[in-house]
Amino acid sequence: MSKGDAIYPESLRYTKEHEWLETRGAVATVGITHYAQAELGDIVYVELPQMEAAVVAGEPFGTVESVKAVSELFAPVSGVVAEVNDALQASPETVNKDPYGDGWMIRIKVSDSEETPGLMSAAQYRKYVEDEAN
Amino acid sequence: MQQVTGTPLRKTPLNALFRELGARLVDFAGWEMPVQFSSLIEEHLAVRSAAGLFDVSHMGEIEVEGRDALALVQRVACNDAARLAPGQAQYSALLTEQGTFVDDILVYRRAPDRFLLVVNAGNTDKDFAWVGQHAAGDVQVVNASARWAQLAIQGPRAAGVLQPLCSMDLEPIPSYGFAEGKAGGVQAIVSRTGYTGEDGFEIYLPPEAAADLFRALLRAGRGEGLLPCGFGARDTLRLEARLALYGNDIDETTTVHEAGLRWISKPAKGDFVGREALMRQQAGGVPRRLVGFEMVDRGIARHGHTVRFEGRDVGRVTSGTYGPYVKKNIGLAYVPPDLAGVGARFSVAIRERDTAAAVVPTPFYKRSR
């Protein structure tokens, strides 16, 4: 798949480490972007934190591995893990197939209501990815 | 993803075709090679169930020719090349005086006084110098790597796809046998060898003909489930079959016996470089052994991870991956002999966490004949 085919929903915000974030009230759902899953290739292992674990914006919270590559997951916001997508243990390939839907990774109860700096809009992220690819 | 050295990557004759096919290209031993075309797992499974096509033109070829060619091959390579009739090949190794690996190689006997050594790309210059240093008498050693491209077609349907494009009959060629004739209309060596654990062929041919043959094989294999395959699948296939990768599982610090490759060392044939060290190790025992393991806990072991036992560092992982066919997290590691038996348990330090693994019989995958 060429990079131009990647899709970035307008309703999400994005990090430089290729996570996406969807905020509803005080809860943020986090996953990796279409671009990230395509770059990694076939995902075979996802390691996520326990419920109630504290996560810190910009710090690693887990790991995603394809057959060939290991990549850390970085928290886009600070807070406490409120939900974990345990289905990814048995079916990590869901992240490739549906990165913005069933391939979500964790939900974070956000501790700080202030906007985390550095998050990108869909348009900004698309440009960021295009620049990175060149 | 950026290159550190600034040295331009070398390209095989198929580079333009790979770009056309949308392959993901990466640096491999200084060559720009495809790591995957579609999906590593799909490519891996295609080789197990149908067929896969690989470009391995980066491999090195060293020609050894002359009345003393056999004597030179016997001196530098540990397997017994005298057992080869013309048309036969064998897995062998160039060793240091310490019995460690300069390289692992294939030795082809094309005529009584004419051998072709196929070597790892990253070792070609080193191997050529090494073989040349040991040459004596009537023998010419030539680095012919630029004159040979190499394609590999592997999998249960490989013979059926390749046959219509060849002048020779493939069926009677045994494993590790080869024939010279036309492939895709050009003079080639067609060898029943590979690096995947499947039946299949490696085809040595002039570089200018390689892209045409690659396209012809893709066309011929379209209805048979053949896929073009990258180095990602090549690595997972060879690991399931427990085939060593130079630079990972074997190198100049590990011996033939430690690597579990005693069967390629033939001390009875007479003297060769590394023989004495191997005889000493045979008598005195090895300090460590390369074993196959499966992860018991969740987690994927990777090259370079530490093996731990009862809180101590006792070894290292040399290869590790998810095995797409065996559907397990598998690997190879050097461990002390008392941890090398099937069923032995140890830990692999994955991101600083001790993760349980168990020694299992290898190969992890063996095809049914």
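**View 1. β10 of chain B and strand β11 (residues 186–191) of chain B pair in the antiparallel sense, over 6 bridges.** Within this pair, B:A183 stands opposite B:V186 in β11(B). Strands here (E, at least two residues) and helices (H or I, at least four) are DSSP runs numbered from the N terminus, and two strands count as paired if DSSP finds at least two bridges between them. A word on reading these views: residues are numbered from 1 along each chain as its sequence is written, and chains are lettered from A, ligands numbered from 1, in the order in which they are written. This is a predicted model, in which local features need pLDDT of at least 70, side-chain atom pairs count only at pLDDT 80 or more, and totals for chains, interfaces and linings use all residues.

**View 2. Stepping back, the open sheet of chain B has 6 strands in the order β10-β11-β12-β9-β3-β13, with mixed pairing.** Look at the two ends: β10 (178–183) and β13 (226–228) of chain B each have a single partner strand, so one side of each has no neighbour in the sheet. On average, neighbouring strands are turned by 25° against each other, direction ignored. Helix α6 (residues 210–221) of chain B packs on this sheet. The helix touches β3 (51–55), β9 (149–154), β10, β12 (200–205) and β13 of chain B, and its direction makes about 170° with that of β3(B). For such angles, axes are lines fitted to C-alpha atoms, for helices over the stretch in contact, and values run from 0 to 180 degrees between N-to-C directions. A handy rule for following side chains: in a regular strand they alternate between the two faces of the sheet.

**View 3. Strands β18 and β19 of chain B form a hairpin with 2 residues between them.** B:R351, in the turn, has a positive phi of about 50°. One of the pairs to look for is B:R345 with its bridge partner B:A358 in β19(B). Strand β18 (residues 345–350) of chain B also joins strand β15 (residues 306–309) of chain B through 2 bridges, and these strands run antiparallel. There you can find B:R308 opposite B:S347 in β18(B). In the segment after β19 of chain B comes B:P363, which a cis peptide bond joins to B:T362, with omega about 0°.

**View 4. Chain B meets chain A through 13 residues, which are in contact with 9 residues of chain A.** Contact is called when the C-beta atoms of two residues, placed from the backbone, lie within 7 Å. On the chain B side, β2 (31–36), α2 (40–49), α7 (231–240) and β16 (312–323) each supply at least two of the touching residues. That side divides into 6 nonpolar, 5 polar and 2 charged residues; Ala, Val, Leu, Ile, Met, Phe, Trp, Tyr, Cys and Pro count as nonpolar, Asp, Glu, Lys and Arg as charged, and the others, Gly among them, as polar. The model scores ipTM 0.86 and pTM 0.94.

**View 5. In chain A, 3 strands form an open antiparallel sheet in the order β4-β6-β7.** Its edge strands are β4 (43–47) and β7 (70–74) of chain A, each pairing on one side only. The twist averages 25° from one strand to the next. Strand β6 (residues 60–66) of chain A pairs with β7(A) in the antiparallel sense over 5 bridges, and A:G62 has A:L73 in β7(A) as its bridge partner. In the loop between β4 and β5 (54–55) of chain A lies A:E52, a residue with a positive phi of about 75° although it is not a glycine.

**View 6. Residues 1–5 of chain A have pLDDT under 50.** The model has 4 contacts beyond four places in sequence for this stretch. pLDDT is the predictor's confidence in each residue, from 0 to 100. Where pLDDT is low, the predicted coordinates should not be read in detail. Chain A averages a pLDDT of 91, with 93% of the residues scoring at least 70. Chain B averages 96, with 98% of the residues at that level.

**View 7. Chain B is assigned domain 1 (15–57 + 149–240), domain 2 (60–146) and domain 3 (287–369).** These bounds come from an automatic or database domain assignment. The C-alpha centres of domain 2 and domain 3 of chain B lie 33 Å apart. Chain B has 8 helices and 19 strands.
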